[in-house]
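Have the viewer open as you read.

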Amino acid sequence: MRILVTNDDGIQSPGLTALAEALAPLGEVWVVAPDRERTAVAHAVTLHKPLRVQRVAPRTFAVNGTPVDCVNLALLNVMPKPPAVLVSGINKGVNLGDDVMYSGTVSAAMEGTILGVPSIAVSQEGQDTFRFPVGARYAARVVRLVLEHGLPDETLLNVNIPDRPLRSIKSVRITCLSRRRFDNPIIEKVDPHGRKYYWIAGTRISWSRNKDADHEAVEEGRVSITPLHLDITHYGVVDRFRSWEPVIHRGTGRGASRARASRRPRS
């Protein structure tokens, strides 16, 4: 049984090493990861330069591309057969709420799901130091269950582990994504030549969606597991927008009538 491990923090990340070691008892671990840090690249794919794969150890490869590139190369070129499961991580820092839209860690798991492989993203809360052995222990437990039971179609798991010793983690909770709010998300500065430049940064100041939300679970010292689905269609409002179809197609409705009236020549 083969297990593919990747990440967005790079091939040298201790989180990647801890994850691969924890999963070794479960199967033959293959590692295909970026050759450097690729944090917050989301679902980027390299299209305009060649990709190179470097073998750095048995079944361990570095790629000069994004996490999504790594997954594609691993599944379609590097590995002799598809893995039974793909695990992305362990990321330095949590990927909660809206973070999943930007995360290279989550995007790697999403690409695995697109390609038909049960996939898991794993992230570890922390600042300067990270308790990767704790995260790796929980990751292995989740992988065991996925190998035994599988995952629903087009579904991946986003796992976040709180920054606590193993014995201090309260429980595991199945959660939903939260929403975050930032203070000063764009920071403006001036360089020595008087030219403005900007940092996309800011400080998280609040969360919303408290009911079963991922941030709430981690703050309480619980492991958060959020099932994510590839189809992000909002089916609850599809029927509401059906009435727009003829308006858009024919250009009818109040807005279109006003626009036509404004084009009529004045006598």
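**Helix packing and a serine**

Q: At roughly what angle do the axes of helix α2 and helix α3 cross?
A: In this predicted model, helix α2 covers residues 67-78 and helix α3 covers residues 104-114. Their axes come within 8 Å, and the crossing angle is roughly 30°.

Q: Is α2 roughly parallel or roughly antiparallel to α3?
A: Angles under 35 degrees count as roughly parallel. The axes cross at roughly 30°, so α2 against α3 comes out as roughly parallel.

Q: What is the handedness of the crossing, and which residues make the contact?
A: α2 passes α3 in a right-handed crossing. On the α2 side the contact uses Pro67, Val68, Val71 and Asn72. By type, the residues of this contact split into four nonpolar, four polar and one charged. From α3 come Gly104, Ser107, Ala108, Glu111 and Gly112.

Q: Is Ser119 buried or exposed?
A: Ser119 sits in strand β6, residues 119-124. Buried means under 20% relative accessible area. Ser119 has 0% relative accessibility, so it counts as buried.

Q: Which residue has its backbone oxygen 3.4 Å from a polar atom of the Ser119 side chain?
A: Leaving out residues up to four places away in sequence, Ser119 touches Leu86, Ala109, Gly112, Thr113, Leu151, Leu156 and Leu157. The backbone oxygen at 3.4 Å from that side-chain polar atom belongs to Ala109.

Q: How much of the protein chain is buried?
A: The chain has eight helices and 13 strands. Of its 267 residues, the buried share is 42%.

Key: Residues numbered from 1 in each chain as written. Predicted model: local features only at pLDDT ≥ 70, side-chain atom pairs only at ≥ 80, totals over all residues. Heavy atoms only, no water. Axes fitted to C-alpha atoms, helices over the stretch in contact; angles between N-to-C directions. Helix = DSSP H or I, 4+ residues; strand = E, 2+ residues; numbered from the N terminus. Parallel < 35°, antiparallel > 145°, perpendicular 65-115°, else oblique. Left-handed = near helix turned anticlockwise from the far one by under 90°. Contact = heavy atoms within 4.5 Å. Nonpolar A, V, L, I, M, F, W, Y, C, P; charged D, E, K, R; others polar. Buried < 20%, exposed > 50% of the residue type's maximum accessible area, 1.4 Å probe, protein only. Polar contact = N/O pair within 3.5 Å; in protein donor to acceptor, adjacent residues only side chain to side chain.
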